[in-house]
Amino acid sequence: MSKTIHIVSFDYPYPPNYGGIIDVYYKLKTLRQAGVNIILHYFADKKQDSEVINTLCEQVYFYPKKPVINSGVFSDLPLRMVLRSNKSILNNLLKDDFPVFFEGLHSSFISTCPELHGRRMFLRCHNAEAEYAANMANTETNFVKRKTFEIEAKRTAKFEKKLHHFTGLFVLTEKDKAYFENTNENVKLLPIFHQDNGVEEPDNLGNYILFHGNLSVNENIQTAKWIVNEIAPQFWDFNFIIAGKDPDASFVRECDQQNVTCIANPSQQKMDDLIRDSQIILLKTAVPSGIKLKLVDSLAKGRHIISDENTVVSSGLEKLVHIANHNDEVIKEIRLHMHEAVDPTQIYERNVVFNQLLNNDKNANWLINEIFEK
């Protein structure tokens with residue numbers, strides 16, 4: 001008997017070129033390969049179209065996001081949810097009684113409607129959102145943005161206490177599982193879906209130290225500047241590359257004055273090659289949240305990974321990286337590994353994790369059972 005599900009996404013899931021939307025796309029793709037029929041609903045500023053998505057989905061519905069200036073100012077709900085409120089989605093969901101899978105809290109505005117009471121509805125929690133917004137506020141230097149994050153954190157915390165109407169929640173880490181168990185009795189760990197089918201075994205040594213991430217996001221900007229100003233000057237005999245989306249022109253000029261190359265908006269193929277050819281990948285974040293996709297990609301294709309605890313906390317991947325939280329520790333780890341090949345034992349341990357914890361097919365089959373068989 002065929003199985004059909006509604007997937008409600010906070011954004012159009014193609015191309016899969018940033019954090020949460022990567023999880024959405026590869027989950028959608030793997031579910032379809034497992035025989036599940038998918039009705040996709042997505043919110044975006046404008047309608048998008050891709051043959052890739054059209055091939056994977058039985059139907060695709062688009063809902064325009066509301067303008068910020070007209071939304072959420074006086075609401076008690078998180079702004080990101082209010083921007084994605086649209087009555088048309090309710091009408092489309094009520095055409096049948098298939099299960100509904102909401103991708104992220106901010107896609108779930110419609111879930112509280114009385115007409116959906118008793119419907120099998122599931123929520124993918126990409127983060128402990130209230131905690132994430134509060135942490136972002138603490139790291140934000142812009143006054144307006146900081147206040148916006150503070151308000152969003154309070155509103156989100158209030159809504160996160162009202163998640164009992166979902167049949168179940170699926171979280172990324174054990175830490176998030178403990179966080180959400182206070183609001184729903186059926187919280188399950190569902191690892192992130194990703195593009196990597198396994199672990200590549202690198203040969204020889206790499207050529208540089210790499211940091212990669214969205215360079216328009218404040219926490220990544222801070223890490224990139226930390227590398228340029230505090231780490232790279234310690235290693236004039238070694239090249240650094242910082243690669244990612246939309247770096248500021250002034251930051252690119254700052255890199256040019258150091259032994260750092262900034263690569264703006266690399267294609268996915270270029271990014272994969274940068275990871276493969278690096279000797280060391282540096283990962284650091286001030287905001288612990290979910291599982292970083294760049295960590296998964298780095299483990300699948302890279303050599304040595306030096307990471308702070310915030311990046312790997314409660315991920316199940318802690319033993320696969322070299323932990324360094326402070327400058328002196330990072331410098332020490334770089335000196336230890338910048339001319340050292342990766343031990344085959346490390347590659348074996350990564351393969352074990354990818355075969356067990358980060359196995360898309362295995363996790364999709366488990367998810368299908370949770371949604372349709374219980």
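Which residue in β7 does Phe170 stand opposite? In this predicted model, Phe170 stands opposite Lys188 in β7. The points below begin with the sheet that holds this pair and then turn to the rest of the structure.

1. **The sheet of 7 strands.** The strands of this open sheet follow the order β3-β2-β1-β4-β5-β6-β7, and their pairing is parallel. The edge positions are taken by β3 (59-64) and β7 (187-189); each has a single partner strand, so one side of each lacks a neighbour in the sheet. From one strand to the next, the twist averages 20°.

2. Helix α1 (residues 19-33) lies across β1 (3-9), β2 (36-44), β4 (100-103) and β5 (121-125), and runs at about 160° to β2. Helix α15 (residues 360-372) also packs on the sheet, where it touches β1, β2, β4, β5, β6 and β7. The direction of α15 makes about 100° with that of β1.

3. **Asn37 in strand β2.** Asn37 is found in strand β2. Is this residue, Asn37, buried or exposed? Its relative accessible area is 15%, and buried means under 20%, so Asn37 is buried. Not counting residues up to four places away in sequence, Asn37 touches Ser2, Lys3, Thr4, Ile5, Arg32 and Glu58.

4. **The stacked pair of Phe101 and Phe170.** The whole structure contains 11 aromatic pairs. One of them is formed by Phe101 and Phe170, which are stacked at 6.0 Å centre to centre with 20° between the planes. Because Phe101 lies in strand β4 and Phe170 in strand β6, this pair ties together parts that are 69 residues apart in sequence. Phe101 counts as buried at 1% relative accessibility, and Phe170 counts as buried at 1% as well.

5. **From Phe170 to helix α15.** Phe170 also forms an aromatic pair with Trp366; this one is edge-to-face, with 5.8 Å centre to centre and 80° between the planes. Distant parts of the chain are linked here, since Phe170 is in strand β6 and Trp366 in helix α15, 196 residues apart. Trp366 is partly exposed, with a relative accessible area of 31%. Through ring pairs, Phe101, Phe122, Phe170 and Trp366 are linked into a cluster.

6. **The sheet of 6 strands.** A further open sheet has the order β10-β9-β8-β11-β12-β13, with parallel pairing. Which strands stand at its edges? These are β10 (260-264) and β13 (322-323); each has a single partner strand, so one side of each is left without a neighbour in the sheet.

7. **Pairing around β8 and β11.** Strand β8 (residues 209-212) pairs with strand β9 (residues 240-244) in the parallel sense over 4 bridges, and Leu210 stands opposite Ile241 in β9. β8 also pairs with β11 in the parallel sense, over 2 bridges; in β11, Ile281 is the bridge partner of Leu210. In turn, β11 and strand β12 (residues 304-307) pair in the parallel sense over 4 bridges, with His304 in β12 as the bridge partner of Ile280. Strand β11 (residues 280-283) is covered on both faces: Ile280 and Leu282 on one side, and Ile281 and Leu283 on the other, are all buried.

8. **Nonpolar cores.** The largest nonpolar core has 54 residues; those that touch the most other members are Leu31, Ile38, Phe101, Leu210, Leu274, Leu299 and Leu317. Apart from this core lies another, of 26 residues, among them Leu116, Leu163, Leu169 and Val171.

9. **A charge over a ring.** Lys284 has its charged end over the ring of Trp226, at 4.8 Å from the ring centre.

Methods: Residues are numbered from 1 along each chain as its sequence is written. This is a predicted model: local features need pLDDT of at least 70, side-chain atom pairs count only at pLDDT 80 or more; totals for chains, interfaces and linings use all residues. Side-chain values use heavy atoms; hydrogens and water are left out. A nonpolar core is a set of buried Ala, Val, Leu, Ile, Met, Phe, Trp, Tyr and Cys residues joined through side-chain atoms within 4.5 Å. Buried means under 20% relative accessible area, exposed over 50%, partly exposed in between (1.4 Å probe, protein chains only). Two strands pair if DSSP finds at least two bridges between them. Axes are lines fitted to C-alpha atoms, for helices over the stretch in contact, and angles run from 0 to 180 degrees between N-to-C directions. Contact means heavy atoms within 4.5 Å. Rings of Phe, Tyr and Trp (its six-membered ring) pair if their centres lie within 6.5 Å; planes under 30 degrees apart count as stacked, over 60 as edge-to-face and the rest as tilted. A charge sits over a ring if NZ of Lys or CZ of Arg is within 6 Å of the ring centre and within 35 degrees of the ring normal.
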